[in-house]
There are 2 protein chains.
Amino acid sequence: MAHTLYDFMRWEHMINVGVVGYGTIGKRVADAVILQEDMKLVGVTGRTYNYRLEIAASRGIDIYSIETPSQLKDQGIKVKGNLKDLLKKADIIVDCSPKPCGKENIDKYYKPAGVKAILQGGEKNDAAELSFVAQCNYRDAINKDYVRVVSCNTTGMCRTLHALDKAFGVKKARATLIRRGGDPHAVTRGPINAIVPSFELPSHHGPDVRTVLYDMEVFTTAVIVPTTMMHMHNMSVVLKKQPSVKEVVELFKKTPRVRVIKANHKLGSTAEVIELARDLGYKRGDMMDICVWEEGIGLYDGELFFPQAVHQESDVIPENIDAIRAMMGFKDQEKSIMLTNISLGI
Amino acid sequence: MAHTLYDFMRWEHMINVGVVGYGTIGKRVADAVILQEDMKLVGVTGRTYNYRLEIAASRGIDIYSIETPSQLKDQGIKVKGNLKDLLKKADIIVDCSPKPCGKENIDKYYKPAGVKAILQGGEKNDAAELSFVAQCNYRDAINKDYVRVVSCNTTGMCRTLHALDKAFGVKKARATLIRRGGDPHAVTRGPINAIVPSFELPSHHGPDVRTVLYDMEVFTTAVIVPTTMMHMHNMSVVLKKQPSVKEVVELFKKTPRVRVIKANHKLGSTAEVIELARDLGYKRGDMMDICVWEEGIGLYDGELFFPQAVHQESDVIPENIDAIRAMMGFKDQEKSIMLTNISLGI
């Protein structure tokens with residue numbers, strides 16, 4: 001590998017990555033892996049025929065079936081083999097199958113084959129050795145065999161709360177999550193015209209943040225609303241030190257994968273933020289940064305308030321890439337984040 | 001008046017009520033006035049022709065124009081006169097015109113005519129002598145000339161926070177308001193597919209609560225979402241005394257115009273709550289109670305959490321009726337609330 005950025009990596013070989021489950025997250029992880037100079041996408045799996053696999057095949061991505069290839073073959077997709085065949089070629093699998101298949105796949109396939117695996121945030125915390133957000137606990141993931149990249153919402157809160165905690169100390173954090181009803185393609189999801197509160201107290205997001213930020217005092221409530229574009233978090237954080245609003249803005253501006261945006265730049269809603277991502281040319285209109293509105297940052301009686309938007313389909317993609325590097329033994333957290341960000345245009 | 005319930009009232013005459021502005025609130029106030037045994041609807045005003053006025057006319061409600069009747073007459077609506085004519089017949093006007101017309105109307109029409117007036121929550125606090133929620137400060141409104149019934153959201157928070165404050169003492173209250181984008185008929189409102197944060201800190205609702213609950217320590221943030229059915233408030237309240245969840249449930253069950261509902265009774269969202277209102281036979285499917293989900297009430301680390309739903313079109317209607325009585329000198333707060341509730345089926 002002659003590329004300067006990668007000289008320090010001294011890989012003896014490229015990291016061979018397989019992707020199991022080629023849905024909302026899987027197809028994005030596969031695309032991101034292809035963009036890494038130190039990784040090779042050795043294949044993806046499909047369970048049933050769908051247009052996504054057809055696009056993958058047309059781009060030269062090797063398709064594997066989970067067990068028997070017949071259903072895929074009937075539809076004219078060329079199948080290279082089954083999951084066990086894919087495991088022979090892969091150093092690591094990014095498992096993006098629906099919960100709780102990830103955990104089941106570890107026991108059934110990955111452990112017997114001696115292949116490392118990353119699970120997604122739908123799986124339970126104890127399904128893997130570690131729950132992961134790159135800028136929070138990359139080092140803990142080095143050389144691990146099974147790591148869980150946490151959900152989009154948890155990733156979003158971890159990014160901003162971790163930065164605040166390092167800079168000012170977080171005494172306690174409270175958040176109301178206003179969650180999108182379904183992804184843009186999800187035609188059978190709801191609600192159409194309702195607000196649906198969560199009756200978990202706290203909603204699972206708060207405890208999930210603590211799987212990454214181990215001592216964070218955080219409590220969350222949640223509602224679901226009829227939109228497909230991003231989750232919103234109305235955050236309220238009591239800090240140990242009292243920064244100015246300007247200091248908080250500066251902190252977020254230099255925090256990786258956090259973007260400070262301005263409502264008065266015609267970016268006053270989640271829909272406008274997605275339009276920004278589309279204008280920036282990001283594939284699928286993805287916004288992998290957590291977006292914090294500068295005008296929404298305020299201090300009142302020792303509490304910091306700010307609204308942040310989380311693109312549910314894509315914010316975890318760079319985390320998956322960094323998790324691959326950490327688990328394969330690449331020790332430099334900041335360089336991995338930088339390489340991932342450059343490759344994805346973040 | 002022979003009706004027992006009204007015997008104690010000893011009115012020398014019925015209260016003559018006029019309604020100015022016959023939109024979302026005005027048409028409901030007019031209907032509610034008609035249902036009161038101690039009130040007479042002497043007329044409503046319209047500015048331009050619309051189907052609502054046609055329905056009103058067909059029901060025998062007298063229609064007045066604001067100034068010149070010509071535009072209404074052209075469309076075949078029988079106009080009894082202009083606003084000045086209506087003022088000659090009314091003891092009190094409920095002004096439901098769009099802000100800031102209410103305040104302007106006081107100076108231009110009501111004060112010169114010596115007629116009392118109620119404004120709605122879109123008007124500023126200082127537009128009237130007092131901001132009003134019946135169960136909080138009825139007594140302060142007795143014999144006042146100009147009273148402002150606060151907005152739907154403020155009314156909702158005042159009802160539950162006032163009850164909590166009386167029972168347990170409120171140290172501080174925090175709320176995230178998830179606001180409906182527009183009323184069901186409002187075809188040009190948005191958002192269609194976005195979450196729109198508010199960049200006011202606090203949103204105006206927090207300070208507005210303090211116009212009724214004068215010493216309440218309350219801070220609110222808000223977002224707007226694509227639904228037409230009810231606002232949602234995710235409340236978090238630090239209390240001086242620590243009640244059990246059961247005590248909070250019991251408190252809300254006995255609080256006027258607050259309804260404790262259960263998600264597991266198939267009432268898990270705002271849409272289902274409106275379906276309940278429709279099944280109960282309330283006109284227009286209105287839900288005048290503030291609805292608190294029993295399963296959502298929880299205590300954590302000295303904070304009380306609960307979600308409540310507010311029907312933006314109708315929760316202020318009983319407040320307008322009680323304000324009329326208070327301003328006309330009826331001194332018994334509890335009896336007025338009871339009369340209003342019975343008449344409206346609350």
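Predicted model: local features only at pLDDT ≥ 70, side-chain atom pairs only at ≥ 80, totals over all residues.
Visitor: Through what surface do the copies meet?

Guide: Compare the interface residues of the two chains. Of those in chain A, 98% are also interface residues in chain B, so the copies meet through the same surface.

Visitor: What does the secondary structure of chain A come to?

Guide: Count helices and strands. Chain A has 13 helices and 16 strands. Its radius of gyration is 20 Å, close to the 20 Å from the globule rule for 346 residues, so chain A is as compact as a globular protein of that length. The C-alpha trace spans about 60 × 50 × 40 Å along its principal axes.

Visitor: How many of the residues of chain A count as buried?

Guide: Buried means under 20% relative accessible area. By that cut-off, 61% of the 346 residues of chain A are buried.

Visitor: Which helix of chain A is largely enclosed by the rest of the structure?

Guide: Go to α12, residues 317-327. Eleven of its eleven residues are buried, so this helix is largely enclosed by the rest of the structure. The buried residues include charged ones: among them are Glu319(A), Asp322(A) and Arg325(A). After α12(A) comes Gly329(A), with a positive phi near 100 degrees.

Visitor: Where is a peptide bond cis?

Guide: Check omega. From Leu201(A) to Pro202(A) the bond is cis, with omega near -5 degrees. Pro202(A) sits in the loop between β10 (196-197) and α9 (205-209) of chain A. In chain B, the bond from Leu201(B) to Pro202(B) is cis, with omega near -5 degrees.

Visitor: Which residue other than glycine has a positive phi?

Guide: Take Asn143(B), with phi near 70 degrees. Asn143(B) is in the loop between α7 (134-137) and β8 (146-149) of chain B. Arg257(B) has a positive phi too, about 60 degrees, and is not a glycine. Arg257(B) lies in the loop between α10 (245-253) and β13 (258-261) of chain B.

Visitor: Is Arg257(B) buried or exposed?

Guide: Read the relative accessible area. Arg257(B) is buried, at 2%. Asn143(B) counts as partly exposed, at 44% relative accessibility.

Conventions
Residues numbered from 1 in each chain as written. Chains lettered and ligands numbered in written order. Heavy atoms only, no water. Contact = heavy atoms within 4.5 Å. Helix = DSSP H or I, 4+ residues; strand = E, 2+ residues; numbered from the N terminus. Rg over C-alpha atoms; globule rule 2.2 N^0.38 Å. Buried < 20%, exposed > 50% of the residue type's maximum accessible area, 1.4 Å probe, protein only.
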